[in-house]
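Subject: Structure for your files

Dear colleague,

Here is the structure I said I would pass on. My notes on it follow below.

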Amino acid sequence: MRLSIDARLDYWLAAPADLLFALEVAQTPDQHLVTDLLRIGGVEALRPIAADNGLGRRTWTRGEGRVTAHYTATVEVDRAGATLHGLAADDIKLLPAEVVPFLFPSRYCESDRFDALVRREFGALSGGDRIEAMAAWIRGHLDYVVGSSDVKTTAADTYVAHRGVCRDFAHLLIAFVRAADIPARMVAAYAWRLDPPDFHAVVEVWLDGAWRLIDPTGLAPVEGLVRIGVGRDATDISFMTIFGEAECLSQTVTVERVG
């Protein structure tokens with residue numbers, strides 16, 4: 001399918017601050033960037049850099065006062081509705097070197113705290129079937145509540161609170177999957193049919209020799225996800241990191257099917 005993306009940010013910075021934007025669509029085998037344009041106002045010169053794992057790119061700049069960003073893109077997505085059923089987990093000794101770090105606990109995904117739960121709840125399953133059961137468990141036990149978490153909320157906090165937003169659902173699934181000795185990473189994405197529209201956080205798991213997308217919230221179809229970037233957890237995938245203080249005046253994301 002062909003998707004049209006429009007993302008707009010409008011912020012106020014009372015003092016000069018360095019900014020790191022991650023808004024541009026990544027080029028991957030299952031999503032082809034047809035056209036795109038990033039415009040940022042109220043800032044100094046832009047300096048693009050490669051993003052984590054060589055997937056996508058970020059842009060450094062510095063701004064003060066009113067800072068605006070407008071990103072538009074047209075993307076061809078060629079990805080069937082994904083199922084993880086029947087996919088095998090790889091022997092961890094044979095994992096590619098770049099995949100190994102995604103086995104370990106991280107700032108927001110304390111996978112070492114979920115070993116017992118994962119064995120008890122999902123020990124009878126393996127591979128993709130195990131991960132699909134984890135995602136179903138999360139959807140059944142967590143309420144999606146806007147404003148119920150903040151930038152300090154971890155997977156363990158979400159497990160205790162039994163509520164969160166896409167970021168929290170993704171952190172908890174990543175923690176579960178890593179506790180099962182399967183690599184998992186967080187993905188920043190644009191999402192077709194997400195209601196209400198916004199930036200979306202989902203998960204990729206390493207099964208049968210490749211990264212596989214899954215949305216633990218179940219709010220957006222996998223065939224309509226467009227990757228922006230990936231990382232260990234929310235630390236690595238923010239659409240805008242501000243090295244200072246800022247006030248959000250407005251923010252909108254629109255993803256529409258155009259073909």
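I begin with His 162, which counts as partly exposed at a relative accessibility of 30%. Please keep in mind throughout that this is a predicted model. His 162 sits in the loop between α3 (155-161) and β6 (163-164). Its phi is near 60°, a positive value in a residue other than glycine.

Asp 208 also has a positive phi, near 50°, and is likewise a residue other than glycine. Its place is the loop between β8 and β9 (210-214). With a relative accessible area of 48%, Asp 208 is partly exposed, the cut-off for exposed being over 50%.

Ile 237 lies 29 residues from Asp 208 in sequence and 25 Å from it in space, C-alpha to C-alpha. Ile 237 belongs to the loop between β10 and β11 and counts as buried, at 12% relative accessibility. What is Ile 237 in contact with, leaving aside its neighbours within four places in sequence? The list is Arg 58, Met 186, Val 187, Ala 188, Gly 229, Val 230 and Gly 231.

Next, the helices. α1 (residues 115-122) packs against α2 (residues 127-141) at an angle of about 105°, and the axes are 11 Å apart. The angle therefore makes α1 roughly perpendicular to α2. On the α1 side the contact is made by Val 118, Arg 119, Glu 121 and Phe 122, and on the α2 side by Arg 130, Ala 133, Met 134 and Trp 137. Sorted by class, this contact has 5 nonpolar residues, 3 charged residues and no polar ones.

Phe 122 and Trp 137 of that contact also belong to an aromatic cluster, together with Phe 114, Tyr 159 and Phe 176.

The structure holds 12 aromatic pairs. Two of them are described here.

In the pair of Tyr 144 and Phe 169, the ring centres are 5.7 Å apart and the planes are at 45°, so the pair is tilted. It links distant parts of the chain, as Tyr 144 is in strand β5 (residues 143-144) and Phe 169 is in helix α4 (residues 166-179), 25 residues apart. Tyr 144 is partly exposed, with a relative accessible area of 37%, whereas Phe 169 is buried, with a relative accessible area of 3%.

The rings of Phe 199 and Phe 239 have their centres 4.3 Å apart, and their planes are at 10°, so this pair is stacked. Phe 199 is in the loop between β7 (184-191) and β8 (200-207), and Phe 239 is in the loop between β10 (225-231) and β11 (240-243), so the pair ties together parts 40 residues apart in sequence. Phe 199 counts as buried, at 11% relative accessibility.

The loop between β7 and β8 also holds Pro 196. A cis peptide bond joins Asp 195 to Pro 196, with omega about 0°.

Last, the ring of Tyr 108. Which charged end sits over this ring, 4.6 Å from its centre? That is the charged end of Arg 167. Arg 107 lies over the face of Tyr 108 as well, at 4.4 Å from the ring centre.

Regards

Terms used. Residues are numbered from 1 along each chain as its sequence is written. This is a predicted model: local features need pLDDT of at least 70, side-chain atom pairs count only at pLDDT 80 or more; totals for chains, interfaces and linings use all residues. Side-chain values use heavy atoms; hydrogens and water are left out. Axes are lines fitted to C-alpha atoms, for helices over the stretch in contact, and angles run from 0 to 180 degrees between N-to-C directions. Helices (H or I, at least four residues) and strands (E, at least two) are DSSP runs, numbered from the N terminus. Angles under 35 degrees count as roughly parallel, over 145 as roughly antiparallel, 65 to 115 as roughly perpendicular and the rest as oblique. Contact means heavy atoms within 4.5 Å. Ala, Val, Leu, Ile, Met, Phe, Trp, Tyr, Cys and Pro count as nonpolar, Asp, Glu, Lys and Arg as charged, and the others, Gly among them, as polar. Rings of Phe, Tyr and Trp (its six-membered ring) pair if their centres lie within 6.5 Å; planes under 30 degrees apart count as stacked, over 60 as edge-to-face and the rest as tilted. Buried means under 20% relative accessible area, exposed over 50%, partly exposed in between (1.4 Å probe, protein chains only). A charge sits over a ring if NZ of Lys or CZ of Arg is within 6 Å of the ring centre and within 35 degrees of the ring normal.
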